[in-house]
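Subject: Structure for your review

Dear colleague,

Please find below the structure that I am handing over to you.

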Amino acid sequence: MKTHWPNQTENKAASTAQSQSNENDRAPLGYAAVEDLSRHTSFGIGGPAEFFFTPAGRSQLIETARRCREAGLPTYALGKGTNLLVSDEGVKGAVISTAGLQNIEANDGTITADCGVGLPRLIALAEERGLSGLEPLAGIPGSLGGAIKMNAGTASRCIADVIKEITLLTPDGGVFCIGTAEADFGYRCSGLDGAIVLSATFRLLPSDRRRVAQSVRAHWQRKAEKHPTTQASAGCIFKNPPGNSAGRILDHLGLKGAVEGGARISEKHANFIINCGRAKAADVKALIRRAREAVLSVRGIILELEIEVW
Ligand SMILES: Cc1cc2nc3c(=O)[nH]c(=O)nc-3n(C[C@H](O)[C@H](O)[C@H](O)COP(=O)(O)OP(=O)(O)OC[C@H]3O[C@@H](n4cnc5c(N)ncnc54)[C@H](O)[C@@H]3O)c2cc1C
């Protein structure tokens with residue numbers, strides 16, 4: 001889905017957002033000629049990025065993206081790499097890591113945070129301030145930017161439900177604040193393709209601190225019981241088909257434990273593929289193909305990918 005981005009005069013917040021630069025932004029652009037992306041994905045899989053940038057703050061990121069655009073390089077935003085399968089050949093173009101964007105503050109029932117902030121840190125601050133709304137996202141290991149792009153969540157809540165506004169860098173270099181309606185959120189997707197989320201503000205409900213903490217713990221525990229959270233994976237591989245569970249279907253087809261090279265379908269949850277140590281992206285792709293073919297031929301269902309493939 002393509003979002004209509006507002007033009008500069010439509011959006012007053014743009015200039016404010018652009019001026020909120022980080023002190024570190026004066027440092028030279030972080031740059032490594034070639035960087036192995038297996039070091040930056042929770043799968044531990046992936047070939048090299050042709051150009052890898054680690055800007056230290058918002059203005060550096062905007063400047064990096066501008067230079068990449070002018071050089072005609074395809075550009076990819078990288079959060080914590082927890083929803084990615086990077087091919088063994090790697091990525092042609094520029095990968096911009098958001099790890100250096102780490103500002104976060106709480107104010108009057110809202111939290112505003114940079115895109116590189118991890119969801120666990122965001123949730124910990126909400127818990128500390130007795131702010132409720134983010135608890136069901138406990139246990140999701142991504143960054144705020146990646147979570148917004150993917151509309152991460154669980155059966156009961158997705159991140160879009162608690163967003164007040166998002167500050168974005170659009171593909172042509174504009175910086176805008178948008179609301180959730182303009183972000184076109186859907187089930188594990190958004191209309192933010194090509195844009196980089198710079199930061200977001202969350203509207204949360206004042207609550208009892210202990211109750212928020214208990215709820216966070218309960219969600220963590222439920223996830224740890226159901227999912228293979230201690231093994232190298234990228235979370236759920238497939239989206240759930242309407243009214244069904246991809247994991248349950250794969251389980252019924254006997255695919256738990258299926259192996260291709262160094263990759264295996266988890267015995268704990270059939271919608272997770274595990275890197276058993278030396279898996280290649282090709283091994284994971286072969287398992288994905290096998291699972292999809294089985295589900296299509298036996299159940300007539302086409303499974304859609306939840307993970308992003310680079
Ligand atoms: C053990 C485990 C459990 C998981 N459980 C869940 C779960 O319960 N629910 C769920 O929804 N997901 C889950 N995930 C998947 C993943 O954690 C989420 O999708 C997460 O929000 C992705 O964030 P990330 O920073 O890792 O994104 P990345 O993997 O780095 O990137 C994913 C996509 O987001 C884009 N992106 C990253 N940063 C930005 C940015 N600043 N602006 C624009 N685009 C950006 C990337 O270009 C890419 O297209 C799980 C993953 C693991 C490993």
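Strand β3 (residues 48-53) runs parallel to β6, and the two are joined by four bridges. Within this pairing, Phe51 has Ala94 of β6 as its bridge partner. Please note that the model is a predicted one.

β6 also pairs with β4, again in the parallel sense and through four bridges. Here the bridge partner of Thr75 in β6 is Ala94. Strand β6 (residues 91-97) has five buried residues out of seven, and it is therefore largely enclosed by the rest of the structure.

Trp310 may be considered alongside these strands. Trp310 is found in the segment that follows β17 (308-309). Trp310 counts as buried because it has 21 C-beta neighbours inside 10 Å, where 20 or more are required. Gly47 lies 263 residues from Trp310 in sequence, yet the C-alpha atoms of the two are 10.0 Å apart in space.

The second topic is an antiparallel sheet. Five strands form an open sheet in the order β7-β8-β12-β10-β11, with antiparallel pairing. The edges are taken by β7 (104-107) and β11 (175-178); each has a single partner strand, so one side of each is left without a neighbour in the sheet. From one strand to the next, the twist averages 15 degrees.

At one end of this order, strand β10 (residues 163-169) and β11 are antiparallel and share four bridges. Ile166 has Ile178 of β11 as its bridge partner, and Leu168 stands opposite Phe176 in β11. The two strands form a hairpin with five residues between them, and Gly173 in the turn has a positive phi of about 95 degrees. In a regular strand, side chains alternate between the two faces of the sheet. In β11, Val175 and Cys177 point one way while Phe176 and Ile178 point the other way, and all are buried.

Next comes helix α3 (residues 119-128), whose buried residues are Leu119, Leu122, Ile123, Ala126 and Glu127. These residues cover an arc of only 135 degrees around the axis, which places them on the same side of α3. An α-helix has 3.6 residues a turn, so residues three or four places apart point the same way. The cover over the buried residues of α3 includes β7, β8 (110-114), β9 (131-132), α4 and α6 (209-226). Just after α3, Gly130 adopts a positive phi of about 65 degrees.

The last topic is the ligand. Which residues come nearest to the ligand? Of the 34 residues around the ligand, they are Gly79, Gly142, Gly145, Gly146 and Gly235. Two or more residues of the shell around the ligand are given by each of β4 (75-78), α4 (144-150) and β12 (196-203). The most come from α4, which gives five residues to the shell around the ligand. Sorted by class, the shell around the ligand has 14 nonpolar, 16 polar and four charged residues.

Yours sincerely

Key
Residues numbered from 1 in each chain as written. Predicted model: local features only at pLDDT ≥ 70, side-chain atom pairs only at ≥ 80, totals over all residues. Near = placed C-beta within 6 Å. Nonpolar A, V, L, I, M, F, W, Y, C, P; charged D, E, K, R; others polar. Pairing = 2+ DSSP bridges. Axes fitted to C-alpha atoms, helices over the stretch in contact; angles between N-to-C directions. Buried ≥ 20, exposed ≤ 12 C-beta atoms within 10 Å, placed from the backbone. Arc of directions from axis to C-beta. Contact = placed C-beta atoms within 7 Å.
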